[in-house]
Amino acid sequence: MNDLVGREDAVAEGRRLLSRHRLVTFTGPGGVGKTRLAVAVAAGLVGEFPDGVWLVELAGLGSVDETHGICPSQQVLAALDIRESPGAAAAGADGQGCRSDRRLEEFAASRRMLLVLDNCEHLVDDVATLARRLLERAPGVTLLATSQEPLRVPGETVWPVPPLELPDSTEPDALERSSAVRLFVERARSADPSFVVDAGTAPAVAAICRRLDGIPLALELAATRVRALGAHQLLERLDDRFRVLNSGYRGAPHRQRTLQAALEWSWSLLTPEEQALLRRLSVHVDGCTLEAAEAVCAGGELAAADVVDVLARLVDRSLIVRGDTPSGTRYRMPESVAAYAQARLAESGEAEQVARRHAAHYVALAEEARPHLGGPGQRRWLRRLSAESGNFRHTLRELRGAHSAEPALRLVNALAWFWILRGRLTEAHRALSSALDTAELPPGPEGTETGPLAVEAATWRDGVRLLLGELKPEDHGPAPGPDAAPTARTTGLARAEWFVGHALWEVGALAAAERQTAGALADFRALDDAWGVAAALSSRAELALTRGDLAGLHDDASEARARFSRLGDAWGELQAAQALAVHAEIVAAYEQAARLHREGLRIAESLELWPEVSSRLTGLGRIALLSERHDEADAFHRRALRLAVEQGNQPAEQMAGLGLALAARRRGDLDAAEARLRPWLDWNRSRGADIGLALILAELGFCAELRGDAGQSLALHRDGLAAALASEDPRAVALALEGLAGAHVLGGRPARAARLLGTAQATRERSGAPLPPAEQGDVRRVSARARDALGSEAFTAEHAVGRTVDHRVAADAELGREADGPA
């Protein structure tokens, strides 16, 4: 037997248990290493038992009821080298077991010894009887059993043998910590001494260990193939694992020579009901709940009422793993068990029927969840749907394969908002496209009309594509007008149309977003959709912000927050609170803004809404920056950027990157600031995102001014002014005018600069958002230069003239005037 690798903690735990209990049973699936572990544990206890430590191998025995069967006590006596008298196999005087039981009890009664009863699963009842009698009649005997299921006798302590530890990454330290990797590598080097784990092989080795669930037998069998296949090709072939892992070590028991044989041994011990449940459970991906098992797997020889008991027996036999998760209790198969059971399901002739039940269950679950995603059960349902992601993906593949467009569209429409909340935009796009493609295939035998469902799915997909940058705003068709007949609308379609409006706002297509939101709000009111009205008001608040309508921003956000609060929708409260936080920032109520951002961050983290977490971190970074806590600001922005990149959320990525750019410019690191800003120019231009483009160009213009490049600064700020005018946000226009003032004073036109500064100041005041002290750095710098050039009295006079000029008039004059015009 090869050395035990990676089991130091398990050996210590086994010895601790045996020091406290007289019967310990190591349980686990075939191949997990129960026998080797038991032998290693027992070897360290030889000194504790004066009458010895004895290994009793039971794998080769048939049951006592079988012809020529040998009872377990006979095997124990043989291991102890105790001779029996003739006729010992006959029934004992009490009518229970065989006469060898009494002989063993007599021998063991006065001895202190450890018996290791190995591979009890096929004799579990007989071994349980023997163990009970020894515990009662031989007080000095301690028993260590290995079995795929517990013996279920009084006094038994059951310890499930865990698989080897899997690597959590491909970093060298993580691989070194992983006992699964250590075993695989040691055995692979035995077969191929030249094998090494390096940057090229590490990902494959880690993946092999994960694919094989850390099961020692599977890892050892796989390691023998490294010499012929190499790590990468071995990994590729694990989909056909029973063919690849079909030869092991000569001299090993037959059931341990191949992975197939190990699983067939376990399968042969199951009742027909257990076999039916195990093969049907294999249709699930990443496990299932008890309710799903009952809905999908009952039928024929397995009644729905019996599923829970049969499932419990499979857990006891270590073929199913029960786990407690944030979403509740789940049951899953190790991957190799699942692969074996799937083959058995295909052979049974019931695979198609089970697939239909699986699809029906998960479509129904998605539709049940949909209304709860906007109410007080939001957190629980988000977690539940997250846990079933693998099953939803599998269901969609099943439905596409069956040309079942109607349930496929129902599924993706029900899940669209879940994917968006979770920030899984790529998955949403893929799933929606798959369902829409299915709708274009020839219908299956139960085909139904899918037109309205397809329209809704296509609308959700348009919104997702906008956020992913795969659809330009002008390529999305206009929203239906507010006078469209309500009977032609559904709540699902109205919400999808609203989401498109939200996406248009996210990418800066403000005019289109206004139209889309207005149409959705009219639909929601006609449909009496309370959630939809709250969502549309929240969007209208965001749009008011871009127009500089601070009163509208505050009023709509406050009403939306109150409506969402009544509905119990934490996400909605989060959105409205964000708008109110921005309002607080604009009016320089920084403490209030930070409090609202922190509240939003708490909600987003509790709901595990990582795109929203990124946005709230950016908000906190912005407040820290305005409060001149630069290191804290950078920390918030970097966290926000990392999350946005992980989620593929480009609008959030831009805002976090912009925060880092602003901080870099304030520190005087103009190269870093420009490097953060320039990649977003084309992104904003391609989407018609005028407000974003205006801000990026303003920042680049200030960088050019600080470098002393008057011409470049003037060109950038003029481009920014054009974008600001298109956005219709007076605050954006004011920012561009302030930037142009800096370019003009640098170019020798201080009087013109003073007038533009006056116009910008008055514009901000009229919009209800005068520039707060924390944001006046650029204006103070430019004003000081202009005042030094003109003198204080002349500067004040020119500034006063500028205050009388409307910002649109000043902007038109700037865009139509040559750079060398009057000073």
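In which helix is the place of Thr 618? I looked this up to begin, and found Thr 618 in helix 29 (residues 610-626), where helices (H or I, at least four residues) and strands (E, at least two) are DSSP runs numbered from the N terminus.

Before going on, I noted that this is a predicted model, in which local features need pLDDT of at least 70 and side-chain atom pairs count only at pLDDT 80 or more, while totals for chains, interfaces and linings use all residues. I also noted that residues are numbered from 1 along each chain as its sequence is written, and that side-chain values use heavy atoms, with hydrogens and water left out.

**Thr 618**

I found Thr 618 buried, with a relative accessible area of 10%; buried means under 20% relative accessible area, exposed over 50% and partly exposed in between, with a 1.4 Å probe and protein chains only. Not counting residues up to four places away in sequence, Thr 618 touches His 637, Ala 640, Met 655 and Ala 656, contact being heavy atoms within 4.5 Å.

**Helix 20 and the cores**

I then turned to helix 20 (residues 405-422), whose 18 residues reach 25 Å from the first C-alpha to the last, close to the 26 Å expected at 1.5 Å a residue; the expected span is 1.5 Å times one less than the number of residues. Helix 20 has a kink of about 40°, centred on Leu 415, the bend at a residue being the angle between axes fitted to the seven residues ending there and the seven starting there. Because 16 of its 18 residues are buried, helix 20 is largely enclosed by the rest of the structure. Gly 423, which follows helix 20, has a positive phi near 75°.

Next I looked up the nonpolar cores, each a set of buried Ala, Val, Leu, Ile, Met, Phe, Trp, Tyr and Cys residues joined through side-chain atoms within 4.5 Å. The largest has 159 residues, and those with the most contacts inside it are Phe 184, Leu 278, Leu 281, Trp 417, Trp 498 and Trp 571. Helix 20 gives the most to this core, with 12 residues. A second, separate core has 43 residues, including Leu 662, Leu 716, Leu 740 and Ala 741.

For Trp 571, leaving aside neighbours within four places in sequence, I listed contacts with Gln 378, Trp 417, Leu 421, Trp 498, Trp 531, Phe 564, Leu 607, Leu 609 and Glu 612.

**Aromatic rings**

How many aromatic pairs does the count come to? The rule is that rings of Phe, Tyr and Trp (its six-membered ring) pair if their centres lie within 6.5 Å, with planes under 30 degrees apart counted as stacked, over 60 as edge-to-face and the rest as tilted; by this rule the count is 15. The rings of Phe 184 and Phe 195 have centres 6.4 Å apart and planes at 85°, so I recorded the pair as edge-to-face. Phe 184 lies in helix 7 (residues 179-191) and Phe 195 in the loop between helix 7 and helix 8 (202-211), so the pair ties together parts that are 11 residues apart in sequence. Both Phe 184 and Phe 195 are buried.

Elsewhere, ring pairs link Trp 417, Trp 460, Trp 498, Phe 499, Trp 531, Phe 564 and Trp 571 into a cluster.

**Met 113**

I found Met 113 in strand 3 (residues 113-118), and at 0% relative accessibility Met 113 counts as buried. The C-alpha atoms of Met 113 and Trp 54 are separated by 7.8 Å, although these residues are 59 residues apart along the chain.

**Positive phi values**

Is Asp 213 buried or exposed? At 16% relative accessibility, I counted Asp 213 as buried, and its phi is near 60°, a positive value in a residue other than glycine. Glu 728 also is not a glycine and has a positive phi of about 65°, but at 59% relative accessibility Glu 728 counts as exposed. I placed Glu 728 in the loop between helix 35 (710-727) and helix 36 (730-746).
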